[in-house]
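Please walk through this two-chain model with the structure open beside you. The text takes confidence, backbone, interface and annotation in turn.

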Amino acid sequence: MPRSFVPTSSLSRRRFLASTGAVSLGATLAACSGGSGTSGSSSSAKPASQADIDKAMKTPTQLTFWTWVPDIEQEVALFEKKYPAIKVKVVNAGQGVAHYTKLRTALKAGTGAPDLAQIEYQAIPTFTITDSLLNLSPYGASALKERFVDWTWGQVSGPGGEVWAIPQDTGPMGMLYRKDIFDRHGIQVPQTWDEFAAAARKLHKAAPDVYLTNLAANEPAAWHGLLWQAGAKPYATSGKSTLSISVDDATSKKLASFWGGLAKEGVISTDPDFTDAWYAGFNKGKYATWLTAAWGPAFLSGSAKATSGNWRAAPLPQWDASKPSSGNWGGSTTAVLRSTKNPIAAARFAQFLNSDPASAKMFATKQFFFPATKALLADADFTGDAPAFYGGQKVNQIFADISGTVSPSFQWPPFLDQAATDWTETVGKSLAGRSDTVAALGTWQSRLTTYAKNQGFTVRGA
Amino acid sequence: MSATTATSRKARPPVRRGAAGPLFTAPFLLLFLLLYLAPLGYAAYLSLFQQRLIGGNVFVGLDNYVTALKDPLLLHGVGRVALFFVIQVPLMLLLALLFALALDSGLLRLARVIRLGIFVPYAVPSVVAALMWGYLYGPDFGPFAQASRKLDLPAPHFLSDGWMLGSLANIVTWEFVGYNMIILYAALRTIPNDLYEAAAMDGAGPWRIAWSVKLPALRPALLLTLLFSVIGSFQLFNEPSLLMKIAPDVISSSYTANLYAYSLAFTGNQLNYAATVSFLLGLVIVIASYAVLLTANLRRAT
């Protein structure tokens, strides 16, 4: 779910079903190379031969897999049934940041690290920068490219065709809204951000206790998703040690003056999300929309039961209505740690878990994950679901359509936790404090630049 | 070790007595070494390096310390907990003292129930306490806010910048008053009755007894609670780190020095600098503790 982005955020109890990774994505250096360099050149590492693979899959092996996905044993059982020689030990080492902290500690200690781990898209670069992930391309992973939604593949692959992880679930962003509140106040579903701003003013004027939306001041993940939608390229890596940071470029400023303006006017709220007050806000009708990801519908129907039947889903409002686009918030992958002693078995397990049709479907139906495979997004069983919470609307279909509009070229920095904390303490703080959000971008930019330089990166200016 | 053997050589009852001492203290010494001195030494060692994402691990000598001493985030964090200490601790100890004296006076009805009631918050894990108070403080749906809205008063901003330190102090006080009260109360129970009888014969009333007999007898216990409070205040961590989730714009990752060290290590991946900050924080605590002890001893001497 949403927030493993922020260090203090491993609120495990709230992440129940959608442990779907948080925030948006991960990274990868791929984007620089035009996003296309991923398929052809798996030449950097020598491919494992079919004979090696067959042999490894018949050798009794025990794999350890750290994941926070509830009941993932069901999917694992499918794999063990197909490859009886291989046993997978599932360990829940916490979620998000707690999980990564343990993982980093084990890697640093040189002992105790698992063979495989759940990694959110946005955390991939923080592990590739330390050379901790195994390139799965020599083990047949490159062949899976076409099965996954295009942008997810960009997130998991490297500039030289490396495949750092296999996508598991995703979170393309859309808008959930309260149809009853919209109807009562004569508000049309906003198609553009201009319409959205007008609706925010109108609604708050008519009903001072209600806000069109809540942009959480502690949710860098949502901000990154909105940046992504707007087409920003806040981070770009070239080579290993050169980094461009431009979190205060023109696109970011457009976003900051839009949201900062609405927050300053007081027509949107900025309550921290995934807190008791925030849940109560949904149940008591304080927020008329939730700008969220594809895991949001299932999450909300479990958290705001009192409002069942009143919600509907729609795409995000657009900056340019003629070119619909979206960003991603959340979702995660399965990665193999470079330290594994069983690279073949581990790599094949990661691939099976997420690309085998039965296993992938199980994630969508048992864990309510939003799929990363094209096949499931086109599967009528999945898209035809019409939950009563959304008045019988085919919510999955809406998000499946949105998924196709997510830009494939967004990248994450190799020190995401720091970027997230700094966002909360600059941009987030300005939203909550109704101060100058555009100026806060500058502070964020300079804090990140200082940090990156301290860490030895060559930083190219915005 | 050598000191022990030296004494046993001089001591008249031979050998065996000297062997028992080290034997009994060995488990403590072992754990002290393993769990306290070794990590301390390791932290000191780590603090002399700088590990970077690009460029690896470099020996930097005392550079980290120089940086830390000039680091405004650290200085503000330490300043904040110092302010917290100066205000919260006297209040808390005064309350604990009043409760202990009241219970000891024997004049309260239901003394046992009251004693338990005051102590119970200490049994609540601080994580739960912070979550509970976080809910109570809530500006929308918290009971205080709702009540003031019913009365048409402005809702109190417990989680705002100006109130936060006070709100934290309230949580910590609520948690630890009972604990300190028990220490003081136990100390009061050890005062021999003869003293009271003697004072009464000299014509002292209950207030006079409290002031001239009980308080002086409580001095060591008070000093103990004060020392614990010094350490606790400077290490303030749980409460702010939990309230951070509901007030992220007020509590930053460097709100207290301890929180700062934690964020450096686990957010910023700056383990070495975190070790430096922890080490310096430890030093501050040692100095503050000694200052407390010293002033107390000076007072006793005069």
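This is a predicted model: local features need pLDDT of at least 70, side-chain atom pairs count only at pLDDT 80 or more; totals for chains, interfaces and linings use all residues.

Across chain A, the mean pLDDT is 89. There, 90% of the residues reach 70 or more.

Next, the backbone of chain A. Most residues other than glycine have a negative phi. A:Asp71 has a positive one, near 55°. Look for A:Asp71 in the loop that runs between strand S1 (61–66) and helix H3 (73–82) of chain A. A:Arg434 also has a positive phi, near 55°. Its place is the loop between helix H18 (416–433) and helix H19 (437–454) of chain A.

Now turn to the interface. How many residues of chain B are in contact with chain A? The count is 22 residues of chain B, and they touch 35 residues of chain A. Together the two chains bury about 2500 Å². Carbon and sulfur atoms account for 60% of that area. Which three residues of chain B supply more of its buried area than any other three? They are B:Leu53, B:Ile54 and B:Lys245, which give 26% of the area that chain B buries against chain A.

One salt bridge is counted between chain B and chain A. In a salt bridge, the side chain of B:Asp140 meets that of A:Lys286, with N and O 2.4 Å apart. On the side of chain B that touches chain A, strand S1 (49–52) and helix H11 (238–246) of chain B are the elements that give two or more residues. By class, that side of chain B has nine nonpolar, nine polar and four charged residues.

Last, the annotation of chain B. An unreviewed UniProt entry places the feature "transmembrane region" at residues 81–101, 113–136, 163–188, 217–237 and 273–296 of chain B. Two of these spans can be checked against the model. Residues 217–237 of chain B are 86% helix and 0% strand, and their end C-alpha atoms lie 33 Å apart. Residues 273–296 of chain B are 100% helix and 0% strand. The end C-alpha atoms of residues 273–296 lie 35 Å apart.

Conventions
Residues are numbered from 1 along each chain as its sequence is written. Chains are lettered from A and ligands numbered from 1 in the order in which they are written. Side-chain values use heavy atoms; hydrogens and water are left out. UniProt positions are given in the numbering used here, feature names are shortened, and annotations may be inferred rather than shown by experiment. Helices (H or I, at least four residues) and strands (E, at least two) are DSSP runs, numbered from the N terminus. Contact means heavy atoms within 4.5 Å. Buried area is the accessible area (1.4 Å probe) that two parts lose on being put together, summed over both. A salt bridge is a side-chain nitrogen of Lys or Arg within 4 Å of a carboxyl oxygen of Asp or Glu. Ala, Val, Leu, Ile, Met, Phe, Trp, Tyr, Cys and Pro count as nonpolar, Asp, Glu, Lys and Arg as charged, and the others, Gly among them, as polar. pLDDT is the predictor's confidence in each residue, from 0 to 100.
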